[in-house]
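Let's take a walk through a protein together, one piece at a time. Have a look at the picture first, and then we'll go through its parts.

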Amino acid sequence: MAKYIGKLFLAFTVLAAVFSSESVTAQTARPDTVYSGIYITSIHDINFKDKEYSINLWLWLKYKNKKFDFLHNLEVPQAKSVTTSYSTVDSSDNRIYLLMKLQCVMKDSWAINNFPFDRQKLRFSIENSQFDSKSLVFAADTLGKHFDPRFTLRGWHIDSLNVSTGIKVYETGFGDESLAKPHTEYSNFKVRVQLDRNAMGLFWKMFLGMYVAFLIAYMCFYIHTDSIDSRFGLSVGALFAVIGNKYIVDSSLPESTTFTLVDTLHGITLIFILAVIIGTSLSLKMVKREQIEKAKKFDFIFAQVVLMAYIILNAWFIFEATRY
(Lines give C-alpha, C1' and ligand atoms only; values in the text may rest on other atoms or scores of the structure.)
Protein backbone atom coordinates (compact mmCIF):
# COMPACT_ATOMS: atom_id res chain seq x y z
CA MET A 1 0.00 0.00 0.00
CA ALA A 2 2.79 2.40 0.92
CA LYS A 3 4.55 1.56 -2.34
CA TYR A 4 1.35 2.35 -4.32
CA ILE A 5 0.90 5.67 -2.51
CA GLY A 6 4.54 6.56 -3.23
CA LYS A 7 4.10 5.93 -6.96
CA LEU A 8 0.88 7.97 -6.98
CA PHE A 9 2.61 10.86 -5.21
CA LEU A 10 5.46 10.72 -7.73
CA ALA A 11 2.98 10.85 -10.64
CA PHE A 12 1.24 13.89 -9.17
CA THR A 13 4.61 15.56 -8.66
CA VAL A 14 5.56 15.02 -12.32
CA LEU A 15 2.19 16.34 -13.55
CA ALA A 16 2.46 19.39 -11.32
CA ALA A 17 5.94 20.09 -12.68
CA VAL A 18 4.70 19.78 -16.28
CA PHE A 19 1.74 22.13 -15.75
CA SER A 20 3.96 24.58 -13.88
CA SER A 21 6.46 24.54 -16.77
CA GLU A 22 3.68 25.16 -19.33
CA SER A 23 2.33 28.01 -17.22
CA VAL A 24 5.76 29.63 -17.05
CA THR A 25 6.19 29.19 -20.81
CA ALA A 26 2.79 30.79 -21.49
CA GLN A 27 3.62 33.73 -19.24
CA THR A 28 6.97 34.14 -20.97
CA ALA A 29 5.36 34.10 -24.41
CA ARG A 30 2.88 36.82 -23.48
CA PRO A 31 4.19 40.21 -24.74
CA ASP A 32 4.71 43.10 -22.35
CA THR A 33 2.46 46.15 -22.76
CA VAL A 34 3.79 49.65 -23.26
CA TYR A 35 1.25 52.39 -22.49
CA SER A 36 1.89 55.35 -24.80
CA GLY A 37 0.55 58.88 -25.03
CA ILE A 38 1.24 62.00 -27.07
CA TYR A 39 0.71 65.76 -26.85
CA ILE A 40 1.47 67.83 -29.95
CA THR A 41 2.67 71.38 -29.33
CA SER A 42 3.38 72.48 -32.89
CA ILE A 43 3.01 71.47 -36.55
CA HIS A 44 4.86 73.75 -38.93
CA ASP A 45 6.95 74.04 -42.11
CA ILE A 46 4.50 72.07 -44.25
CA ASN A 47 6.46 71.70 -47.47
CA PHE A 48 4.33 70.51 -50.38
CA LYS A 49 7.16 70.41 -52.87
CA ASP A 50 9.39 68.15 -50.77
CA LYS A 51 6.48 66.22 -49.19
CA GLU A 52 7.46 66.86 -45.59
CA TYR A 53 6.45 68.71 -42.44
CA SER A 54 7.86 69.37 -38.97
CA ILE A 55 6.21 68.41 -35.70
CA ASN A 56 7.06 69.11 -32.05
CA LEU A 57 5.50 66.84 -29.42
CA TRP A 58 5.68 65.30 -25.99
CA LEU A 59 5.75 61.48 -25.92
CA TRP A 60 5.43 59.37 -22.79
CA LEU A 61 5.86 55.61 -22.38
CA LYS A 62 5.05 53.45 -19.35
CA TYR A 63 6.34 49.85 -19.15
CA LYS A 64 8.02 47.31 -16.85
CA ASN A 65 10.67 45.65 -18.98
CA LYS A 66 13.86 47.69 -18.62
CA LYS A 67 15.35 46.01 -21.69
CA PHE A 68 13.01 47.99 -23.97
CA ASP A 69 15.19 51.11 -23.47
CA PHE A 70 13.19 53.49 -25.65
CA LEU A 71 15.81 56.20 -25.22
CA HIS A 72 18.01 54.25 -27.63
CA ASN A 73 15.52 51.90 -29.34
CA LEU A 74 12.80 54.37 -30.33
CA GLU A 75 12.00 54.06 -34.05
CA VAL A 76 9.95 56.67 -35.97
CA PRO A 77 9.51 54.96 -39.37
CA GLN A 78 8.41 57.95 -41.48
CA ALA A 79 10.82 60.47 -39.98
CA LYS A 80 13.51 62.20 -41.98
CA SER A 81 15.16 63.31 -38.74
CA VAL A 82 14.36 62.94 -35.02
CA THR A 83 15.81 65.15 -32.29
CA THR A 84 15.22 64.48 -28.59
CA SER A 85 15.46 67.87 -26.92
CA TYR A 86 14.45 66.65 -23.45
CA SER A 87 13.94 63.32 -21.66
CA THR A 88 13.34 62.13 -18.11
CA VAL A 89 13.03 58.63 -16.64
CA ASP A 90 11.21 57.58 -13.46
CA SER A 91 11.84 53.95 -12.43
CA SER A 92 9.88 53.91 -9.16
CA ASP A 93 6.93 51.57 -8.45
CA ASN A 94 8.64 48.72 -10.35
CA ARG A 95 8.00 50.29 -13.75
CA ILE A 96 9.60 52.74 -16.15
CA TYR A 97 7.97 56.08 -16.90
CA LEU A 98 9.75 57.81 -19.80
CA LEU A 99 8.86 61.33 -20.92
CA MET A 100 10.48 62.80 -24.05
CA LYS A 101 10.13 65.95 -26.10
CA LEU A 102 10.71 65.23 -29.79
CA GLN A 103 11.31 67.46 -32.77
CA CYS A 104 10.74 65.50 -35.98
CA VAL A 105 10.88 66.26 -39.68
CA MET A 106 8.38 63.83 -41.22
CA LYS A 107 8.03 62.57 -44.78
CA ASP A 108 4.49 62.04 -46.00
CA SER A 109 2.43 61.88 -49.17
CA TRP A 110 0.01 64.65 -50.10
CA ALA A 111 -3.43 64.35 -51.68
CA ILE A 112 -3.35 67.26 -54.14
CA ASN A 113 -6.19 66.34 -56.51
CA ASN A 114 -8.41 69.07 -55.03
CA PHE A 115 -5.66 71.58 -54.21
CA PRO A 116 -6.11 74.25 -52.84
CA PHE A 117 -9.37 72.87 -51.38
CA ASP A 118 -7.51 69.84 -50.09
CA ARG A 119 -7.61 67.94 -46.83
CA GLN A 120 -4.43 66.33 -45.62
CA LYS A 121 -3.80 63.46 -43.22
CA LEU A 122 -0.52 63.68 -41.33
CA ARG A 123 0.77 60.41 -39.93
CA PHE A 124 3.13 59.80 -37.02
CA SER A 125 4.04 56.39 -35.60
CA ILE A 126 6.61 54.82 -33.30
CA GLU A 127 8.04 51.33 -32.85
CA ASN A 128 10.74 49.65 -30.80
CA SER A 129 13.59 48.72 -33.13
CA GLN A 130 14.78 45.75 -31.01
CA PHE A 131 11.60 43.98 -29.87
CA ASP A 132 8.89 42.64 -32.17
CA SER A 133 5.20 42.09 -31.42
CA LYS A 134 5.94 38.77 -29.66
CA SER A 135 7.74 40.68 -26.94
CA LEU A 136 6.12 44.12 -26.96
CA VAL A 137 2.69 45.57 -27.73
CA PHE A 138 1.53 49.17 -27.45
CA ALA A 139 -1.62 50.42 -25.74
CA ALA A 140 -2.84 53.99 -26.26
CA ASP A 141 -3.18 56.41 -23.35
CA THR A 142 -6.30 58.32 -24.48
CA LEU A 143 -6.91 60.47 -21.41
CA GLY A 144 -6.94 64.23 -22.01
CA LYS A 145 -6.30 66.15 -25.20
CA HIS A 146 -3.62 65.18 -27.70
CA PHE A 147 -2.73 68.65 -29.02
CA ASP A 148 -2.50 72.20 -27.73
CA PRO A 149 -5.75 73.94 -28.78
CA ARG A 150 -4.06 77.34 -28.47
CA PHE A 151 -1.53 76.85 -31.22
CA THR A 152 -2.68 77.89 -34.68
CA LEU A 153 -1.42 76.37 -37.88
CA ARG A 154 -1.33 79.19 -40.41
CA GLY A 155 -3.64 78.49 -43.32
CA TRP A 156 -4.94 75.23 -41.81
CA HIS A 157 -7.55 74.00 -39.35
CA ILE A 158 -7.13 70.82 -37.27
CA ASP A 159 -10.26 68.81 -37.97
CA SER A 160 -9.45 65.72 -35.91
CA LEU A 161 -6.65 63.83 -34.18
CA ASN A 162 -6.84 60.08 -33.58
CA VAL A 163 -4.46 57.81 -31.68
CA SER A 164 -4.43 54.03 -32.09
CA THR A 165 -2.20 50.97 -32.02
CA GLY A 166 -1.57 48.25 -34.57
CA ILE A 167 0.86 45.76 -36.06
CA LYS A 168 3.32 46.72 -38.79
CA VAL A 169 4.28 43.80 -41.04
CA TYR A 170 7.72 43.60 -42.62
CA GLU A 171 8.19 40.94 -45.30
CA THR A 172 11.81 40.39 -44.32
CA GLY A 173 13.71 38.63 -41.60
CA PHE A 174 16.35 41.39 -41.38
CA GLY A 175 19.02 38.74 -41.97
CA ASP A 176 17.79 36.31 -39.28
CA GLU A 177 18.35 32.88 -40.85
CA SER A 178 16.53 31.07 -38.02
CA LEU A 179 13.15 32.28 -39.30
CA ALA A 180 11.16 29.82 -41.41
CA LYS A 181 10.16 32.62 -43.79
CA PRO A 182 11.18 36.28 -44.13
CA HIS A 183 8.32 37.76 -42.10
CA THR A 184 8.42 39.88 -38.93
CA GLU A 185 5.80 41.93 -37.13
CA TYR A 186 6.29 44.97 -34.89
CA SER A 187 3.71 46.62 -32.71
CA ASN A 188 3.30 50.36 -33.29
CA PHE A 189 1.62 53.39 -31.78
CA LYS A 190 -0.02 55.57 -34.43
CA VAL A 191 -1.27 59.16 -34.59
CA ARG A 192 -3.32 60.56 -37.48
CA VAL A 193 -4.04 64.28 -37.78
CA GLN A 194 -6.54 65.54 -40.35
CA LEU A 195 -6.07 69.12 -41.53
CA ASP A 196 -8.50 71.28 -43.51
CA ARG A 197 -7.04 74.15 -45.51
CA ASN A 198 -8.41 77.70 -45.30
CA ALA A 199 -8.42 77.87 -49.07
CA MET A 200 -10.18 80.95 -50.43
CA GLY A 201 -7.34 83.41 -49.91
CA LEU A 202 -4.81 81.02 -51.44
CA PHE A 203 -7.17 80.19 -54.30
CA TRP A 204 -7.45 83.81 -55.45
CA LYS A 205 -3.76 84.37 -54.92
CA MET A 206 -2.91 81.50 -57.27
CA PHE A 207 -5.68 81.82 -59.87
CA LEU A 208 -6.34 85.56 -60.09
CA GLY A 209 -3.75 85.97 -62.86
CA MET A 210 -5.37 83.16 -64.84
CA TYR A 211 -8.84 84.71 -64.62
CA VAL A 212 -7.52 88.17 -65.56
CA ALA A 213 -5.83 86.65 -68.61
CA PHE A 214 -9.11 85.04 -69.67
CA LEU A 215 -11.01 88.31 -69.25
CA ILE A 216 -8.42 90.11 -71.38
CA ALA A 217 -8.97 87.53 -74.11
CA TYR A 218 -12.75 87.78 -73.65
CA MET A 219 -12.68 91.57 -74.08
CA CYS A 220 -11.52 91.00 -77.66
CA PHE A 221 -15.16 90.53 -78.62
CA TYR A 222 -15.82 94.18 -77.69
CA ILE A 223 -12.97 95.60 -79.79
CA HIS A 224 -14.12 97.03 -83.11
CA THR A 225 -13.78 94.71 -86.09
CA ASP A 226 -11.40 97.18 -87.76
CA SER A 227 -8.77 96.32 -85.10
CA ILE A 228 -8.65 92.65 -85.86
CA ASP A 229 -4.86 92.48 -85.33
CA SER A 230 -5.26 93.80 -81.79
CA ARG A 231 -7.84 91.14 -81.04
CA PHE A 232 -5.51 88.35 -82.13
CA GLY A 233 -2.60 89.90 -80.22
CA LEU A 234 -4.52 90.11 -76.94
CA SER A 235 -5.78 86.53 -77.24
CA VAL A 236 -2.36 85.08 -77.93
CA GLY A 237 -0.84 87.13 -75.09
CA ALA A 238 -3.54 85.85 -72.70
CA LEU A 239 -2.79 82.28 -73.81
CA PHE A 240 0.88 82.57 -72.83
CA ALA A 241 -0.06 84.32 -69.57
CA VAL A 242 -2.20 81.34 -68.52
CA ILE A 243 0.60 78.90 -69.42
CA GLY A 244 3.06 80.96 -67.36
CA ASN A 245 0.64 81.04 -64.41
CA LYS A 246 0.31 77.26 -64.52
CA TYR A 247 4.08 76.76 -64.41
CA ILE A 248 4.29 79.06 -61.38
CA VAL A 249 1.56 77.14 -59.52
CA ASP A 250 3.02 73.74 -60.46
CA SER A 251 6.43 74.78 -59.12
CA SER A 252 5.03 74.84 -55.57
CA LEU A 253 3.37 71.40 -55.82
CA PRO A 254 4.78 67.86 -55.89
CA GLU A 255 4.64 65.92 -59.14
CA SER A 256 1.36 64.12 -59.76
CA THR A 257 0.31 61.55 -62.36
CA THR A 258 -3.39 62.41 -61.91
CA PHE A 259 -5.34 65.33 -63.37
CA THR A 260 -5.73 67.78 -60.48
CA LEU A 261 -8.04 70.75 -59.99
CA VAL A 262 -5.13 73.03 -60.91
CA ASP A 263 -4.73 71.18 -64.22
CA THR A 264 -8.48 71.23 -64.86
CA LEU A 265 -8.98 74.95 -64.33
CA HIS A 266 -5.95 75.92 -66.38
CA GLY A 267 -6.94 73.47 -69.11
CA ILE A 268 -10.47 74.89 -69.30
CA THR A 269 -9.07 78.42 -69.50
CA LEU A 270 -6.68 77.49 -72.33
CA ILE A 271 -9.51 75.81 -74.28
CA PHE A 272 -11.77 78.83 -73.90
CA ILE A 273 -9.05 81.25 -74.96
CA LEU A 274 -8.58 79.02 -78.00
CA ALA A 275 -12.33 79.31 -78.56
CA VAL A 276 -11.97 83.11 -78.44
CA ILE A 277 -9.25 82.92 -81.13
CA ILE A 278 -11.46 80.67 -83.28
CA GLY A 279 -14.38 83.07 -82.82
CA THR A 280 -12.17 85.98 -83.84
CA SER A 281 -11.12 84.09 -86.96
CA LEU A 282 -14.75 83.49 -87.93
CA SER A 283 -15.55 87.13 -87.31
CA LEU A 284 -12.60 88.13 -89.53
CA LYS A 285 -14.00 86.02 -92.38
CA MET A 286 -17.33 87.87 -92.13
CA VAL A 287 -15.54 91.22 -92.17
CA LYS A 288 -13.59 90.20 -95.27
CA ARG A 289 -16.92 89.42 -96.94
CA GLU A 290 -18.16 92.88 -95.85
CA GLN A 291 -20.77 91.34 -93.53
CA ILE A 292 -20.06 93.88 -90.80
CA GLU A 293 -23.44 93.71 -89.01
CA LYS A 294 -23.42 89.93 -89.11
CA ALA A 295 -19.92 89.91 -87.60
CA LYS A 296 -21.01 92.24 -84.78
CA LYS A 297 -24.03 90.06 -83.99
CA PHE A 298 -21.86 86.92 -84.05
CA ASP A 299 -19.33 88.53 -81.66
CA PHE A 300 -22.08 89.47 -79.20
CA ILE A 301 -23.77 86.05 -79.13
CA PHE A 302 -20.51 84.09 -79.14
CA ALA A 303 -19.15 86.24 -76.28
CA GLN A 304 -22.18 85.50 -74.06
CA VAL A 305 -22.02 81.76 -74.76
CA VAL A 306 -18.29 81.59 -74.02
CA LEU A 307 -18.60 83.58 -70.78
CA MET A 308 -21.56 81.60 -69.41
CA ALA A 309 -20.01 78.23 -70.29
CA TYR A 310 -16.69 79.26 -68.69
CA ILE A 311 -18.33 80.42 -65.46
CA ILE A 312 -20.52 77.32 -65.18
CA LEU A 313 -17.62 74.89 -65.72
CA ASN A 314 -15.38 76.68 -63.23
CA ALA A 315 -18.13 76.82 -60.61
CA TRP A 316 -18.90 73.11 -61.08
CA PHE A 317 -15.33 71.86 -60.71
CA ILE A 318 -14.65 74.14 -57.73
CA PHE A 319 -17.85 73.00 -56.04
CA GLU A 320 -16.91 69.35 -56.57
CA ALA A 321 -13.45 69.97 -55.08
CA THR A 322 -14.88 71.57 -51.93
CA ARG A 323 -17.18 68.62 -51.28
CA TYR A 324 -14.37 66.19 -50.44
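**A walk through the fold**

Start with an open sheet of four strands, arranged in the order E3-E6-E9-E8 with antiparallel pairing. A quick word on the labels: helices (H or I, at least four residues) and strands (E, at least two) are DSSP runs, numbered from the N terminus. Two strands pair if DSSP finds at least two bridges between them. At the edges of this sheet stand strand E3 (74–75) and strand E8 (156–170), each with a single partner strand, so one side of each has no neighbour in the sheet. Further in, strand E6 (residues 119–128) and strand E9 (residues 184–197) pair in the antiparallel sense over eight bridges. Look for Arg119, which stands opposite Asp196 in E9.

Before going on, keep in mind that this is a predicted model, where local features need pLDDT of at least 70, side-chain atom pairs count only at pLDDT 80 or more, and totals for chains, interfaces and linings use all residues. Residues are numbered from 1 along each chain as its sequence is written, and side-chain values use heavy atoms, with hydrogens and water left out.

Now for another sheet. This open sheet has five strands in the order E4-E5-E2-E1-E7, and its pairing is mixed. Its edge strands are strand E4 (79–90) and strand E7 (136–140), each of which pairs on one side only. Neighbouring strands here are turned by 30 degrees against each other on average, direction ignored. (Axes are lines fitted to C-alpha atoms, for helices over the stretch in contact, and angles run from 0 to 180 degrees between N-to-C directions.)

What holds strands side by side? Strands of a sheet pair through backbone hydrogen bonds, either parallel or antiparallel.

Zoom in on E4 and strand E5 (residues 96–107), which pair in the antiparallel sense over 10 bridges. They form a hairpin with five residues between them, and Asp93 in the turn has a positive phi of about 60 degrees. You can follow the pairing residue by residue: Ser87 has Met100 in E5 as its bridge partner, Thr84 has Leu102, and Thr83 stands opposite Gln103. E5 also runs antiparallel to E2, joined to it by 12 bridges. On that side, Asn56 has Gln103 in E5 as its bridge partner.

E2 and E5 are linked by side chains too. Glu52 forms a salt bridge with Lys107, their closest N and O atoms being 3.5 Å apart. (A salt bridge is a side-chain nitrogen of Lys or Arg within 4 Å of a carboxyl oxygen of Asp or Glu.) This pair links distant parts of the chain: Glu52 in strand E2 (residues 52–63) and Lys107 in strand E5 are 55 residues apart. Across the whole structure, a search finds nine salt bridges.

Most residues other than glycine have a negative phi, and most peptide bonds are trans. Yet Asp69 has a positive phi of about 45 degrees although it is not a glycine; you'll find Asp69 in the loop between E2 and helix H2 (70–73). The peptide bond from Phe115 to Pro116 is cis, with omega near 5 degrees, and Pro116 lies in the loop between E5 and E6.

Next, the helices. How do helix H5 (residues 261–288) and helix H6 (residues 292–323) cross? Their axes come within 10 Å and cross at roughly 175 degrees. H5 and H6 are therefore roughly antiparallel to each other (angles under 35 degrees count as roughly parallel, over 145 as roughly antiparallel, 65 to 115 as roughly perpendicular and the rest as oblique). Their contact has 20 nonpolar, five polar and two charged residues. Here Ala, Val, Leu, Ile, Met, Phe, Trp, Tyr, Cys and Pro count as nonpolar, Asp, Glu, Lys and Arg as charged, and the others, Gly among them, as polar.
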